[in-house]
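Welcome to this tour! Open your viewer, keep the selection tool handy, and follow the stops one by one.

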Amino acid sequence: ITEEIYYKVFSDCREHGYSEETLHSINATFRKLIDLTYKKRLINDNPLHRTDNVKTKKTDDVRILTHEEWIKLDNYFHTSSFVRLGVDRYPKFRFMFNVLYYTGIRIGECLALTYQDFEEQQGMRLKVTKSMLADGTIKEPKNFKKRTIPLTPIVETLYILQRDAHVEKGGQLTDRIFDYGYGNCLMLITKACRETGIEHCSLHDFRHTFISNLIRKNVPLPVIEKVSGDIQETIFKRYSHMFEGDEKIVLRALEELRTDL
């Protein structure tokens, strides 16, 4: 079983009209069987260690964060103390979600980042060369697309603060920045959405928001492909969402067309 076969199985299932609930059940069973055969030493290599979990959620179910919602979340992470989790860690939480929002990298790619993945040449850039699976295994990014993403000033500032504090404590630039897992991140965003009163968003919704914002700002698809690691066809199908208020843009264009006739 290879990564290509794993994804093809679920691509074929979708083409045959399987519901998302059924796909989810098949995927869970499929992965358990693969893990079991590996643990029983029936196979020498576990392909799931190199393969991202197939997405069984409908694209229509994802949502895009509005600018106002993002400001609420950012302020929440900026001002919250997170006493139960350790007051010395909450600036890092804010840094992590700013990276997700302003770079569009996947959560696995974010959790695999080290301090030396940030380059300070001709403006700061982020090198995405690896990803972390749910079990902690480090692998190449999805689709093997290594890439470099320019950073906004706020992300630069937050990075420098984290890096200097880490080095001052004796840390190395080769250390991972975010030393927690998927469950911690999901708990954080769930808690933040609940306490700020905004609709729940998933960790992957930050990526949808980033790419959709680039599309809305008329950034050329080849450029979006370069920074996102997705091919143009995937970008167009998955991320060209209709924003709130975009209907007015469509109606205005149609009205202008009518008057030009």
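Where is Arg41 found? Select Arg41 and you will see that it sits in the loop between helix 2 (20-39) and helix 3. Before we go on, a word on the model: it is predicted, so local features need pLDDT of at least 70 and side-chain atom pairs count only at pLDDT 80 or more, while totals for chains, interfaces and linings use all residues. Residues are numbered from 1 along each chain as its sequence is written, and side-chain values use heavy atoms, with hydrogens and water left out.

**Stop 1: the whole protein**

Colour by secondary structure. The protein has eleven helices and five strands; helices (H or I, at least four residues) and strands (E, at least two) are DSSP runs, numbered from the N terminus. Of the 261 residues, 41% are buried. Here, buried means under 20% relative accessible area, exposed means over 50%, and partly exposed is in between, with a 1.4 Å probe and protein chains only.

Now show the surface. The accessible surface of the protein comes to about 15300 Å², and carbon and sulfur atoms hold 55% of that. These areas come from the Shrake-Rupley method with a 1.4 Å probe, and for residues only the protein chains shown count as cover.

**Stop 2**

Go back to Arg41. Its phi is near 65 degrees, a positive value in a residue other than glycine. At 73% relative accessibility, Arg41 counts as exposed. Next, select Asp45, which is in the loop between helix 2 and helix 3. Asp45 is partly exposed, at 44% relative accessibility.

**Stop 3: aromatic rings**

A pair of aromatic rings is described by the distance of the centres and the angle of the planes. Rings of Phe, Tyr and Trp (its six-membered ring) pair if their centres lie within 6.5 Å; planes under 30 degrees apart are stacked, over 60 edge-to-face, and the rest tilted. This rule gives 14 aromatic pairs.

Select Phe95 and Phe118. Their ring centres are 5.9 Å apart and their planes stand at 40 degrees, so this pair is tilted. Phe95 belongs to helix 4 (residues 90-103) and Phe118 to strand 1 (residues 118-120), so you are looking at a link between distant parts of the chain, 23 residues apart. Both Phe95 and Phe118 are buried.

How are the rings of Phe118 and Tyr159 arranged, stacked or tilted? Their centres are 4.3 Å apart with planes at 15 degrees, so the pair is stacked. Tyr159 lies in helix 6 (residues 153-168) and Phe118 in strand 1, so the pair ties together parts that are 41 residues apart in sequence. The relative accessible area is 6% for Phe118, which is buried, and 2% for Tyr159, also buried.

Then select Trp70, Tyr76, Phe77, Phe97, Tyr101, Tyr102 and Phe206, which form one aromatic cluster.

**Stop 4**

A nonpolar core is a set of buried Ala, Val, Leu, Ile, Met, Phe, Trp, Tyr and Cys residues joined through side-chain atoms within 4.5 Å. Which residues have the most contacts inside the largest nonpolar core? They are Phe97 and Phe206, in a core of 47 residues. Helix 4 gives the largest share of this core, seven residues.

Show what surrounds Phe206. Leaving aside neighbours within four places in sequence, Phe206 is in contact (heavy atoms within 4.5 Å) with residues including Trp70, Phe97, Tyr101 and Ile189.

Now select helix 8 (residues 205-216). Nine of its twelve residues are buried, so helix 8 is largely enclosed by the rest of the structure. Among the buried ones are Phe206, His208 and Leu214. Just after helix 8 comes Asn218, with a positive phi of about 65 degrees. Asn218 is exposed, at a relative accessible area of 67%.

**Stop 5: the cysteines**

A disulfide is a pair of cysteine sulfur atoms within 2.5 Å, and the count here is zero. Select Cys185: the nearest cysteine sulfur, that of Cys110, is 7.2 Å away. Cys185 is buried, with a relative accessible area of 0%. End at Cys13, buried at 12%.

Definitions and conventions. The expected span of a helix is 1.5 Å times one less than its number of residues.
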